[in-house]
Amino acid sequence: MTTIDIDTDAELDEPGEPAAKLKHPRAVRWMHWINFPLLMIMIWTGYRIYWADLRDPFVLGIGDYELFEFWPTWVNENLDLERKLARGLAFHFTFAWLFTLNGIAYGLYTWRSGEWRQIVPERGTLKDSAQVFLHDLGIGRSKPLPPQARYNGAQRLSYSFILFLGGIEVLTGLAIYKPTQLSTLTSIFGGYETARLIHFAITIIFVLFFVVHLLQVARAGFPNFMSMITGYEKSPRKGADQ
Amino acid sequence: MKETNEERAARYAELEASYPTMDAQQYKTRSRRSMLTGTAAALAAFTGWRWIQNSPDDLNIPQPLRDVHEANESLWRTLYREDKLAPTFDRSESSMIRVNGRRGIDNEIDLDAWTMSVRSEGDEIASYDMSVVEGLEKQEMTIEHYCVEGWSHIITWGGVRFSDFVAANHPEMIENPPAFVSLETPDRGFYVGLEWAAMMHDQTLLAFEVQGEPLPQDHGAPLRLVTPLKYGIKQLKRIGVIEFTATQPADFWAERGYDWYSGL
């Protein structure tokens, strides 16, 4: 070779040289990708149920001032929701079991495998995540980012929070599904109306999470995205975040 | 004992070092295999989704969904406890409920001429007018009413227990209980079916009062079914026929794609 190759990838292409490292165990990858369509189905069918009572929609506002109505007419009109309540209920109460089972399987796996060490927030997580958040907005980039394992503080915090909300979503769902037989559960969530509002609010948070998640995955680059498919992430991580 | 940033970094490094690595060739093979597996899984999921959508309908929803409704029904019927009461509220929390449907009651009737036919497997065994509720203990309950559409409303009903009506007039049904009870409006424009256990629950009433006043016609005068064990779609207004039966009765909304059980 007459030229000096400065491409690190080429250096890593040597046989036997570690070029990729396990990031997401097989079980997590399967459960992540199974969860994705299940959650989409749950949101869509849930919205078919919600549409049935549009006389009384949830509104975000201050006092009498209406900031945002869930949802504006143009959203409703484009989702094939009208007069689909019976189907919405049937799909929702079918796929809810799969969504719940997948969540339980994930919880058990994460606990038994020790993977929880990568996700649960720790002592420094809150401070870390503030720093990461500012960094992502382009503020204070001269300061080094705090140490991290697979996930940075902001990821630990948001992933744990969204998993916790997943559990609450299932429980509030049960609370409004069987408010008589499971009346104790319903009352824990402040009664039927409040449980229904929480169930709905979490759905909105899921949608917002999904948008941010997609943006962050796009920012983190292709090798990171591929690691959720292959399990292994190519080339050393550079404090990447998704 | 506070962990320093250095200690934390070392702990993280150790955790990360515990994960296996592979070389570029292995990664190449792996990513090809993963893409194939992923594509196959996505196709399988899509096929499953289409299979549900394309299955023949059973009462207006695809068969697999109807099957899950029935599986859900057996689960909740297994968990059912007859002494479990729906929460009740203070009367002051209740208010008049909206009229959400007029099926089977869209014409006014002469309340004094009203009679209710009681049948067993299709044969009339008795007929009653409003005097049937006299002599039965009057109940008043303030419960939350739930609609399949998602809304709910706290409401006060007055009436007599269906179980008291049966004990007083058809005790043979208690000794030899039918599996189901079917109810119809006088014009047969609306009809529902409920399982025996729900009908005999302490909070299942033949109601003739709402908010302490006689039922208006559009809320089911003179006598309607009320129970916190079922959605509003089962709480038939203006009872014309009550039938004891061993076979699962036809149900207006179940025929339109809803869960036959519709239990709460």
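Visitor: Which residue in β10(B) is the bridge partner of B:G158?
Guide: Strands are DSSP runs of E with at least two residues, helices are runs of H or I with at least four, and both are numbered from the N terminus. Two strands pair if DSSP finds at least two bridges between them. Here B:G158 has B:E209 in β10(B) as its bridge partner. Five antiparallel bridges link β7(B) to β10 (residues 205-210) of chain B.

Visitor: How far can I trust such details?
Guide: The model is predicted, so local features need pLDDT of at least 70 and side-chain atom pairs count only at pLDDT 80 or more, while totals for chains, interfaces and linings use all residues. Residues are numbered from 1 along each chain as its sequence is written, and chains are lettered from A and ligands numbered from 1 in the order in which they are written.

Visitor: Which strand forms a hairpin with β7(B)?
Guide: That is β6(B), with five residues between the two strands. In the turn, B:G150 has a positive phi of about 115 degrees. Nine bridges pair β6 (residues 138-146) of chain B with β7(B) in the antiparallel sense, and B:Y146 stands opposite B:S152.

Visitor: Why is β7(B) largely enclosed by the rest of the structure?
Guide: A residue is buried if 20 or more other C-beta atoms, placed from the backbone, lie within 10 Å of its own. In strand β7 (residues 152-161) of chain B, seven of the 10 residues are buried, so the strand is largely enclosed.

Visitor: What is the order of the strands in the three-stranded open sheet?
Guide: The order is β4(A)-β1(A)-β1(B), with antiparallel pairing. At the edges stand β4 (232-234) of chain A and β1 (21-22) of chain B; each has a single partner strand, so one side of each lacks a neighbour in the sheet. Three bridges pair β1 (residues 20-22) of chain A with β4(A), where A:A20 stands opposite A:K234. Two bridges join β1(A) to β1(B), and A:K21 has B:T21 as its bridge partner.

Visitor: How many residues does each chain give to the contact?
Guide: Two residues are in contact if their C-beta atoms, placed from the backbone, lie within 7 Å. Chain A gives 44 residues and chain B gives 47. On the side of chain A that touches chain B, the largest share, eight residues, comes from α4(A).

Terms used. Buried ≥ 20, exposed ≤ 12 C-beta atoms within 10 Å, placed from the backbone.
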